Amino acid sequence: MNRLTKSVASVMLAVSALTFFSCDDDESNVIGLNDAAQYGRITVTLEGTRPDNVAFSEKIAFRFMPEEGPAYSRVSFDGDAYFFVQRHHGAVNESHNDNYAGFYLQANTETQTPTSGSFYLYTSVIDDDDNVYFYLNDEFTVNVEDITNFNYSEGTGKLKYSFTTVLDANSNSTGHELTVTVEANVNVFQGLNGGGGDF
């Protein structure tokens, strides 16, 4: 292929890419992935030892709201605020293909102080280096003293908080000590007519 042909091919490829990426939102969001991911994420970092005694570190962003909708991203008030939030790793989240993280959190929003919380995680961890995977299916109480950066704005519905906790070998499905770091940055909603069950 001569230089002129290569140059023309490069220009055509660039124009095609520009056309593809400049589509408006309605055309580029045909299957609704942007809609499902627009309400924030829960990012989980895992550091520990796999069930086969090999060290691992994995960071997973759970960014998709469950198909059930805002009932899985809600806040209610009874003195304190009660938050229930769940996010999936993939946009397709049928019950037979679950891969999610979520939390319950109680807080005094006037003083921006968490008072209790728990976290749950069901996910597969894939190690591409040696083509293995394993599952985590764990739920644990979060010590409020470990929670940092808590902030909730009722006006915007934005909730942020972080924590790091170390689970002993008997408290997680790796069978080894596991360090879990969570950063939540999500939108939460108040229901007007019920729905979503109790906390």
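Strands β1 and β2 pair in the antiparallel sense over 8 bridges, where two strands count as paired if DSSP finds at least two bridges between them. This is a predicted model, in which local features need pLDDT of at least 70 and side-chain atom pairs count only at pLDDT 80 or more, while totals for chains, interfaces and linings use all residues. Residues are numbered from 1 along each chain as its sequence is written, and side-chain values use heavy atoms, with hydrogens and water left out.

**Overall make-up**

- The protein has 3 helices and 10 strands, these being DSSP runs numbered from the N terminus, with helices (H or I) of at least four residues and strands (E) of at least two.
- Read from the N terminus, the order of elements is α-α-α-β-β-β-β-β-β-β-β-β-β.
- Of the 199 residues in the protein, 36% are buried, a word that stands for under 20% relative accessible area, whereas exposed stands for over 50% and partly exposed for values in between (1.4 Å probe, protein chains only).
- Among the contacts in the protein with a separation of 6 or more, 53% join residues 24 or more positions apart, contact being defined as heavy atoms within 4.5 Å.
- The accessible surface of the protein is about 12,000 Å², and carbon and sulfur atoms account for 48% of that surface; areas come from the Shrake-Rupley method with a 1.4 Å probe, and for residues only the protein chains shown count as cover.

- Strands of a sheet pair through backbone hydrogen bonds, either parallel or antiparallel.
- Glu47 stands opposite Ser57 in β2.
- Thr43 is found in strand β1 and counts as buried because its relative accessibility is 13%.
- Leaving aside residues up to four places away in sequence, Thr43 touches Lys59, Ile60, Ala61, Thr181, Val182 and Glu183.

**Loop residues**

- Arg50 is placed in the loop between β1 (40-49) and β2 (55-62), and Arg50 is buried because its relative accessible area is 2%.
- With residues up to four places away in sequence not counted, the contacts of Arg50 are Phe56, Asp127, Asp130, Val132, Phe134, Thr174 and His176.
- Asn53 also has its place in the loop between β1 and β2, but Asn53 counts as exposed because its relative accessibility is 58%.
- The phi of Asn53 is near 70 degrees, a positive value in a residue other than glycine.
- Asn131, in the loop between β6 and β7, has a positive phi of about 55 degrees although it is not a glycine.
- A relative accessible area of 69% is why Asn131 is classed as exposed.

**Nonpolar core**

- The largest nonpolar core has 34 residues, and those with the most contacts inside it are Ile42, Val44, Leu46, Phe83, Phe103 and Phe119; such a core is a set of buried Ala, Val, Leu, Ile, Met, Phe, Trp, Tyr and Cys residues joined through side-chain atoms within 4.5 Å.
- Strand β10 (residues 178-187) supplies the largest share of this core, 5 residues.
- In soluble globular proteins, nonpolar side chains tend to be buried together.

**Aromatic pairs**

- The structure holds 17 aromatic pairs, where rings of Phe, Tyr and Trp (its six-membered ring) pair if their centres lie within 6.5 Å, and planes under 30 degrees apart count as stacked, over 60 as edge-to-face and the rest as tilted.
- Phe83 and Phe150 form an edge-to-face pair, at 6.4 Å centre to centre and with 65 degrees between the planes.
- That pair links distant parts of the chain, with Phe83 in strand β4 (residues 80-88) and Phe150 in strand β8, 67 residues apart; both Phe83 and Phe150 are buried.
- The pair of Tyr122 and Tyr135 is stacked, because the ring centres are 6.1 Å apart and the planes lie at 20 degrees.
- Since Tyr122 lies in strand β6 (residues 113-127) and Tyr135 in strand β7 (residues 132-141), this pair ties together parts that are 13 residues apart in sequence.
- Tyr122 is partly exposed, with a relative accessible area of 25%, and Tyr135 is partly exposed at 46%.
- One aromatic cluster is formed by Tyr72, Phe84, Tyr100, Tyr104, Tyr120, Tyr122, Tyr133 and Tyr135.
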